[in-house]
Amino acid sequence: MAKVTLAPRKGFLSENPSVLRFLGLLTVFTLIVTALSEGFGAGIVSTSFLKVLGMTLCLCLIAVAMDVVWGYCGILSLGHFAFFGLGGYGIGMWLMYARTEGIVRESLANAPIPATEGEVRDAIATQIFSVVGSTELPFIWGFAHSLTLQLLMIVLVPGLLALVFGWLAFRSRVTGVYLSILTQAMTLALSLYLFQNDTGLRGNNGLSGLQNIPGLLHLPQSTIALWFFWASALALGLGYLLFAWLVSGKFGSVVRAIRDNESRVRFLGYHVESYKLVVFTVTAIVSAIAGALYYPQAGIINPAEIAPITSIYLAVWVAIGGRGRLYGAVIGAATVSLLSSWFTGGGAPNIDLGFYEIVWTDWWLVLLGLGFVAVTLFFPKGIGGLFDYLVRKP
Amino acid sequence: MPLRTLIFRALACVALAFAALPGPARAQDALQPALQAFAEELASPSRRTIESVVTALIEGGQPNIGEFLRRYSAREVVQRPEDGLFFYAEDAGDLVRLIDIDSGATVAEVSSRDVTQIRTNSGVQRVIAAALVPLELNAPERVRRAAALDAISRSPDASQIAPLQDSIAREEDATLATRKERLLLLLQAQFSEDRAVQLAAIEALGGDISIEARGVLARLTATQTEVAPTLPEGANIARVLEVGTDLTEAEAYDQLVAAGLAEPAQTPAMLREVLAQNIVDGRVGGVPIGRLSDPAARIEAYEALEAAGTVPPRAAPDEAAQAVAAHVFYESYVLDDPEITAAAQAALDSTSQAIAAYQVADLVLDGLSLASIFFLAAIGLAITFGVMGVINMAHGEFIMMGAYTGYVVQLFIPDYTISLLVALPLAFLVTFGAGVAMERSVIRHLYTRPLETLLATFGISIALQQLAKNIFGTQARPLTAPDWLGGAITFNDIVGISTIRVAIFVLALIFLGLLLYILKRTRLGLEVRAVTQNPGMAASMGINPDRINMLTFGLGSGIAGIAGVAIGLYAQVTSEMGSNYIVQSFMTVVVGGVGNVWGTLAGASLIGFLQKGIEWFNPSNTLAAQTYMVLFVILFIQFRPKGIVALKGRAAGD
């Protein structure tokens with residue numbers, strides 16, 4: 001894979017035909033789904049399935065980010081779902097605030113005296129936080145009234161967290177397994193923090209009703225789902241392009257060298273920590289964006305989404321798809337999450353063995369776990385590795 | 001009837017007069033005549049009238065009055081309608097046996113319809129019980145004396161001091177004597193007429209951490225918050241409150257309002273209310289309604305109304321501040337006597353020091369117990385991860401397997417002690433087998449790819465978890481501890497620990513010793529250490545690394561199984577119990593220092609004590625304690641990436 005070219009560089013896309021192929025496939029897929037969707041076309045793809053597809057695209061995006069940080073840079077981060085969740089909370093705060101504001105203003109409109117801004121804010125706070133026994137708007141909701149500011153927070157908060165955490169971890173040369181455990185500890189700390197009722201994000205209840213987009217309440221869910229599907233596809237395409245560009249040039253070569261032999265790169269005079277930090281932070285931000293697109297489609301976010309196990313699942317997807325190739329991550333995430341919803345959603349037919357009936361909702365995780373062991377043992381390159389057999393390299 | 005009552009009363013008075021005389025005349029006095037003096041009240045007792053009757057009867061001093069009152073209270077006394085005499089009643093088949101109150105002889109057996117049973121309600125029973133206390137304090141039976149002491153501590157009052165003091169000298173039972181003395185102190189501290197005695201009692205209560213003693217002292221030092229223009233002379237003031245530090249200005253103003261020294265401040269809600277009542281043609285005080293979403297416009301409107309005289313004048317902005325500044329806020333003791341309150345405060349201070357000391361002791365016990373749980377959960381991992389470098393994400397599921405083994409054993413062996421003794425080795429065997437199977441089939445192939453063992457064992461972990469769910473269901477299964485592990489060891493009102501946690505601590509100690517012995521003193525341990533340090537060299541010395549790896553992994557897994565039984569005894573057995581411990585176990589091993597049993601011990605102690613320590617600051621929020629603990633671990637690894645006990649030299653491996 002490593003390409004060190006000294007010759008004058010050709011265009012990025014012409015050098016990486018697989019990127020073009022992927023983008024083409026993604027466009028075709030988006031167009032077909034659109035044509036079949038309820039909101040726009042034939043109605044063969046139901047709105048709920050459209051949402052599942054949209055969410056899968058978001059999961060593919062975070063899987064691509066995970067692949068860059070793990071497959072290319074060698075950092076097995078078990079914390080990227082924390083950034084995904086933070087992005088979800090970021091957009092969720094605005095969605096919930098703005099929607100509640102609409103409801104509150106409507107109910108106050110009939111009062112004899114028009115309400116002051118302070119009264120509106122108090123009423124919103126009471127609406128949102130009465131479930132955790134509070135009527136005050138926590139200070140972290142200070143930007144929730146403005147979509148622009150909150151969108152900025154979606155990028156800034158996970159970015160800063162990744163920057164600080166990464167700086168601390170890489171600076172003290174924590175590597176390998178230890179780094180994995182450290183990132184897992186970070187995820188655990190964050191989810192424990194969010195589980196508390198008094199930290200201002202509604203504790204166990206999480207944020208809900210996120211599928212209702214303020215200002216677009218007159219539109220049917222089928223249309224909104226389609227818009228989010230398009231947005232997710234666009235985000236995946238752009239994210240893929242960004243990472244493909246990032247890992248193809250000299251930067252990518254250094255990053256891959258760090259994965260293969262960190263000390264040697266350091267001896268060559270590269271500042272390894274900075275490279276790692278950039279990769280870690282950029283992937284964290286992309287994960288947060290994926291989360292911000294995912295949760296409006298899911299409709300609800302709570303701290304359980306950030307539990308350490310979800311981040312391990314992310315690593316599982318990437319490993320099944322094939323590390324070190326971006327399309328592998330997409331294949332892994334899409335395959336496992338779609339299969340997962342097919343099996344757990346009761347789509348798979350149960351198998352009657354005569355003495356025992358295999359109910360897939362009960363046995364899917366067993367199958368997944370064992371299948372995963374098999375992939376690790378027998379196909380270390382994952383599903384993406386199959387392409388190597390198809391495409392003979394000159 | 002009234003005439004007869006009068007005569008009896010007269011007689012009773014004579015009898016009582018005689019009773020007051022010392023000597024044999026008193027001993028021979030019968031109770032029945034005294035009872036007849038109050039026949040009417042006794043026959044239909046009510047809470048209000050019974051008290052004086054009981055007092056008079058007890059003052060009469062007949063020796064058997066105590067027994068009578070007790071049986072009267074227990075509804076064992078009947079009255080014969082023909083002559084109005086009282087008898088004790090006993091069941092005799094269908095009939096009622098009447099027993100003479102004074103002689104104890106059976107008088108007659110009659111149908112229960114021929115006598116009137118006297119029903120004492122609970123109010124009456126309480127009055128009698130209180131009145132009986134002084135008598136009961138010297139009762140011959142120990143149980144009755146103890147019950148009397150209970151009654152005193154439930155409702156203490158001044159009249160109990162004298163009888164209690166008298167009874168101490170006569171008390172034979174050492175435990176009860178101590179209780180009586182303590183109770184006397186409590187009574188004296190509250191009610192003694194003699195100041196010197198009261199002060200001495202209060203001083204003696206200092207350092208006593210029992211809830212009763214603290215309650216008495218707290219009552220003596222109870223304060224009330226008050227406000228006045230100047231600090232009043234002669235009041236027993238506990239402390240002066242500073243506005244801004246001790247209470248906010250808003251609270252201070254609320255107190256002024258509550259004391260009637262200021263008018264309630266106008267809240268925004270009240271302002272809106274008033275404005276809404278004065279809407280005229282879409283305007284309030286000349287201000288159009290549309291503009292009233294601005295707070296300044298609302299004030300403008302109100303001032304316009306004020307100028308028109310429609311509404312009372314509004315408080316000036318700094319009026320509240322001025323009012324607060326013009327008054328002094330202070331806490332004064334409810335009791336007026338400064339000497340008493342000062343003594344009680346001093347006693348309470350020394351008590352709080354004692355309490356703090358005991359709380360630290362309790363905290364240490366709690367921390368020790370949590371540390372031993374973490375240690376047990378992590379020690380197996382310390383072997384597989386620490387010694388072999390294999391990240392076993394299924395370690396938590398081995399813990400779960402051990403717990404379910406214990407549960408299944410209990411299904412077959414109903415005796416909890418025996419089943420526990422069977423379950424411990426069986427859990428070891430089951431998880432040892434599972435560990436060996438996993439090592440042989442999966443991990444063996446991945447020794448060169450440590451990050452991938454993480455993923456493969458994670459796959460096994462989710463498969464095992466789901467399997468457990470399919471077999472045992474999702475609801476929690478009980479793993480019951482035997483009775484001898486059920487209780488708690490309590491040292492005093494503050495320091496205590498449940499026996500099961502002590503057992504877990506002991507188990508952790510045993511494992512520490514056992515593991516150190518295996519690793520340092522046995523052939524297997526030697527070979528394990530050799531393979532860990534340099535597999536190639538070990539192999540060329542004739543050690544079979546495959547076999548050693550298999551056995552080491554089995555050992556680590558087996559210990560996880562035993563830990564599972566121990567953890568299952570105090571927590572619930574669910575398919576997810578393992579995942580609750582896995583992250584913490586990894587942190588324990590990493591913080592302690594990889595590859596070292598002592599390191600795991602250090603890590604478990606640090607994390608256990610730290611978590612309990614943080615919990616101490618905010619006991620209601622264990623989640624916050626866990627959060628800060630994990631944050632601490634993250635920071636700790638920054639500064640000591642190799643853990644507390646870092647291996648040096650050849651043993652370090654890299």
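Let's start with helix α14 of chain A, where W364(A), L365(A), V366(A), L368(A), G369(A), F372(A), V373(A), V375(A) and T376(A) are buried. By buried I mean that 20 or more other C-beta atoms lie within 10 Å of the residue's own; 12 or fewer makes a residue exposed, anything in between is partly exposed, and the C-beta atoms are placed from the backbone. Helices here are DSSP runs of H or I with at least four residues, strands are runs of E with at least two, and both are numbered from the N terminus.

What do those buried residues of α14(A) pack against? They pack against α12 and α13 (326-344) of chain A, together with α20 (450-472) of chain B.

Before I go on, a word on what we are looking at. This is a predicted model, in which local features need pLDDT of at least 70 and side-chain atom pairs count only at pLDDT 80 or more, while totals for chains, interfaces and linings use all residues. Residues are numbered from 1 along each chain as its sequence is written, and chains are lettered from A and ligands numbered from 1 in the order in which they are written. The model scores ipTM 0.84 and pTM 0.78.

Now, the place where the two chains meet. On the chain A side there are 41 residues in contact with 44 residues of chain B, where contact means that two C-beta atoms, placed from the backbone, lie within 7 Å. Three helices of chain A, α7 (176-195), α12 (308-321) and α14 (360-378), each supply at least two residues of the side that touches chain B. Which helix gives the largest share? That is α7(A), with 14 residues.

R173(A) lies in the loop between α6 (147-171) and α7 of chain A. Its phi is positive, about 55 degrees, although R173(A) is not a glycine. R173(A) has 13 other C-beta atoms within 10 Å, so it is partly exposed.

You'll find R75(B) in the loop between α6 (65-73) and β1 (77-79) of chain B. R75(B) counts as partly exposed because it has 14 C-beta neighbours inside 10 Å.

Let's step back to the whole of chain A. It has 15 helices and four strands, and 44% of its 394 residues are buried. Its C-alpha trace spans about 80 × 60 × 50 Å along the principal axes. Of the contacts in chain A with a separation of 6 or more, 77% join residues 24 or more positions apart.

Chain B comes to 27 helices and twelve strands. A compact globule of 654 residues would have a radius of gyration near 26 Å, but chain B has 39 Å. Its C-alpha trace spans about 120 × 90 × 55 Å along the principal axes, and 38% of its 654 residues count as buried.

How confident is the predictor about chain B? The mean pLDDT is 82, and 94% of the residues reach 70 or more; pLDDT is the predictor's confidence in each residue, from 0 to 100. Over residues 13-27 of chain B, though, the pLDDT is below 50, and this stretch has 14 contacts in the model beyond near neighbours in sequence.

One last stop, in helix α27 (residues 622-639) of chain B, is Y628(B). Buried or exposed? Y628(B) counts as buried because it has 20 C-beta neighbours inside 10 Å. Y628(B) and V506(B) are 122 residues apart in sequence and 28 Å apart in space, C-alpha to C-alpha.

Definitions and conventions: Rg over C-alpha atoms; globule rule 2.2 N^0.38 Å.
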